[in-house]
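Below is a brief report on a two-chain model. Read it alongside the sequence and the coordinates.

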Amino acid sequence: MSNSATYERVCTILLRHNPAGPHPAAPVTIDDALTDLGIDSLELLSLGASMEREFDIDIDDATLASATSVRDLLTIVETALERAER
Amino acid sequence: MSFDDVVITGLGSMSVFGAGVPALWLGLHTGRSAAAPAAFDAGRYRVRGVYEVPSAALAALPDDDYAVRLSAAAADEALAQAGLSGHRATLSGAGLAFASTSAGWHHPAEAFGAATPATALMPLLRKELPAVAVAAGNGLTGPFAVMSSACASSTGALAWAVERIRGGDAPVMLVGAVDVLTEVVFAGFHAMRLLTGERTRPFSLRRNGFVLAEGAAFLVLESARHARSRGGEPLAAVLGWGASADRAHLTTPAADGIARSVRAALADARSSADAIRVCYAHGTASPAGDAAEAAALVEVFGPGRPVVTAIKAATGHTEGAAGMFSLVAAVHGMGLGQVPPVLYTDDQDPATGDVRLASAATVSIPAAPVLVHSSGFGGVNSSVVLDIPPVRDSRAPARGDAADPASTEARVLVMTNSDGGTWPAGAARPADPSAGAEVPAPAWPRNPPPDAQCRMLGEAVRTALAHLDPDTRQLVRNGALLSGTEFGAQAHHARIYADLTAAGPRAVEPLDFALSTFNLPATMAALALDIGGQVETFLGATGGVEALASACHLVATGRVGATLAVGHDAPENRCWQRPEEPPVPARATVFAVGQGHAGVGVAGVRRLAPAGSLPELTTLRLAVQELAGTDVAVWCDAVGLTAEQTAAVRQWPGWTVVCSEAGAAAPLDVHASVVERVARGEPAEAVVVSTGWLAPTVIIRYRR
């Protein structure tokens, strides 16, 4: 299972990038679609930059563009962190 | 007003393949390798390859600012081919239309205010400098404009120059563009994830962005009659142009907007879609851009035709100069009867499969007429139709002909500004009670969100729309929103530079870049208020006044029924200032121009290229006399004059000297105050002269 600290950090960034403000009702869940959280294609670019800064990782263009859910974002971060550790 | 065919008689290129059009043409067939930039250290970016102008090509050029060197070399080549090198007498009546998005930012610390620029460096920080240098170097005194409408700037500059020749303002127009590789722009496109460091593959399944590049390209535009009279040989004819705003999204292109631009160009050219043989597409190798452009081309032309090429595969993306390189390539290719292939695209994306791409096998086909298309951030489009000369011999008289009943006097109908000023006072809410109420608040996009300048401009435009009757308002929405700005939206670029310096490429906010082009506030307003016509931006203190002059021309020639012209600026976008430069107000001033009997008439316009950085007084006075005689009341905005010049003008009988604040809105306010006087008959006719540093002088004659 994913590292919960990483997950929390991804969620924090996500909420910061919802142009409508923090998610009003339930907390973010891992299966939420990014579009349901107010993340459009332009915001995804901004969010990608935030994740790169937060985790000190590089995310390639195609990988970021293919992300559609919270789970995808978490996978991107964890894969990059694992790669950095090796 | 007289109509004449407009022809191209010279081409020049200083490209990533070196000096000269032959080197460009060869390069379009061979491509080249990307390499790490010399201009800055790209080691900390995910993408590192770019195309720069080879240093060997620069060695023979005189020492000067980099953007000036590239521009002057390309201009010289074009003038030489046209047979006009050193012909000062011919060139003195000629003008210059120029496009750039990033010139000046190659001195980033000073341009963005991190370091105080030395006085001598200040002109080098402005996009206008290469144009001013080329105009002064060749003795051009005619119509002059620098346009910056993102990556659609070049085709827009060509269109503006075509209108100057069609209108009889000048027999010869030099048209050029330069963009130079700068780290802020590279970092911005990098943050937007639009770059590749390897190969630009337009319409390919394997596309992954474009290689950022640079260069300068020029052409000589001329009336066919003038070319004939001096024995000049036309290389191509410009049949027509079109422009549009997507009014859909600021960074995702829309097929509908592209198709409207292409159709407008075909209509202006009086050409059928079936006649077009070749299309030079914008082709940036972005999935959304390729898809929208392909859909638009298929919608207008049908599947499988015309042959489509996309030279960014070879040249990379030269930003504001991109359209000029396409135009130069198209004209050169027409002469050879050839079309360059789309390099690196042997695996066309099936989603664009109805577009027939040029390949090595389609190199030699009927290579004209040609459509050249450009699109830019903000959702703006600009298209041009070219053909091999001669043309039109058997055709009906064109729009703008003296016999054309559509020629009419443009009239200033409504003026508003963001400080709450409106004119005429009684124009508010015409008899139709629903009129004002049916212009809702601007529908701002959620992303990117409007900044303060966008909001200011949008509210002023909305007020202007609300003061128009519903029919005129609809004409405006289909017509144009032309804007002028001196400082653009540079606060965003300054922030990108500061973020880069402090924390590196990852700190660059992509939304800053999306908001940063000089045309963005106007395109944002167009999007929010459903304006789908031409949206373009003129630079400099007189940029708003030029927007007004161009708006009047569009109406007077029947091209559009009504338009808006706006000058706007805000202090946060002025990153440095000259000694003695006045404050810049946060303001947007809007003029609505249309036909009919209301308002105040615009009886004539004159434009003078800057002579060096300042207007030349003898020429200025003569131009006013030619426009309106010697008895007319003249208001002269001396913001661009020296103290000595201002003192001299004060002595001229009938001239009133005023001095506006900085930026492109305040000079338009001077026009607004004179228009109000003329409307009251105090006096019934007047001339306003607008001057500016590094700016053309624009002179407008008003009458009741």
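## Polar contacts and salt bridges

Between chain A and chain B, 13 residue pairs are in polar contact, both residues at pLDDT 80 or more. A polar contact is a pair of N or O atoms within 3.5 Å; within protein, one must be able to donate a hydrogen and the other to accept it, and residues adjacent in sequence count only if both atoms are side-chain atoms.

On the side of chain A that touches chain B, helix H2 (41-55) and helix H3 (61-65) are the elements that give two or more residues. Helices (H or I, at least four residues) and strands (E, at least two) are DSSP runs, numbered from the N terminus. H2(A) gives the most, with seven residues. This side of chain A divides into eight nonpolar, two polar and eight charged residues. Ala, Val, Leu, Ile, Met, Phe, Trp, Tyr, Cys and Pro count as nonpolar, Asp, Glu, Lys and Arg as charged, and the others, Gly among them, as polar.

The rule also finds six salt bridges across this interface. Each is a side-chain nitrogen of Lys or Arg within 4 Å of a carboxyl oxygen of Asp or Glu. B:Arg506 and A:Asp58 meet in a salt bridge at 3.2 Å, N to O.

## Basis of the model

The model is predicted: local features need pLDDT of at least 70, side-chain atom pairs count only at pLDDT 80 or more, and totals for chains, interfaces and linings use all residues. Residues are numbered from 1 along each chain as its sequence is written, chains are lettered from A and ligands numbered from 1 in the order in which they are written, and side-chain values use heavy atoms, with hydrogens and water left out.

## Buried area

Chain A brings 18 residues to the contact and chain B 16 residues (heavy atoms within 4.5 Å). The area buried between them is about 1600 Å², with 47% from carbon and sulfur atoms. Buried area is the accessible area (1.4 Å probe) that two parts lose on being put together, summed over both. In chain A, A:Leu42, A:Leu45 and A:Asp61 lose the most area to chain B, together 38% of what that side buries.

## B:Ser382

Strand S12 (residues 380-387) of chain B holds B:Ser382. B:Ser382 is buried, with a relative accessible area of 1% (buried means under 20%, exposed over 50%, partly exposed in between; 1.4 Å probe, protein chains only). Its side chain makes a polar contact of 3.1 Å with the side chain of B:Thr155. The side chain of B:Ser382 also reaches the backbone nitrogen of B:Gly156 at 3.3 Å.
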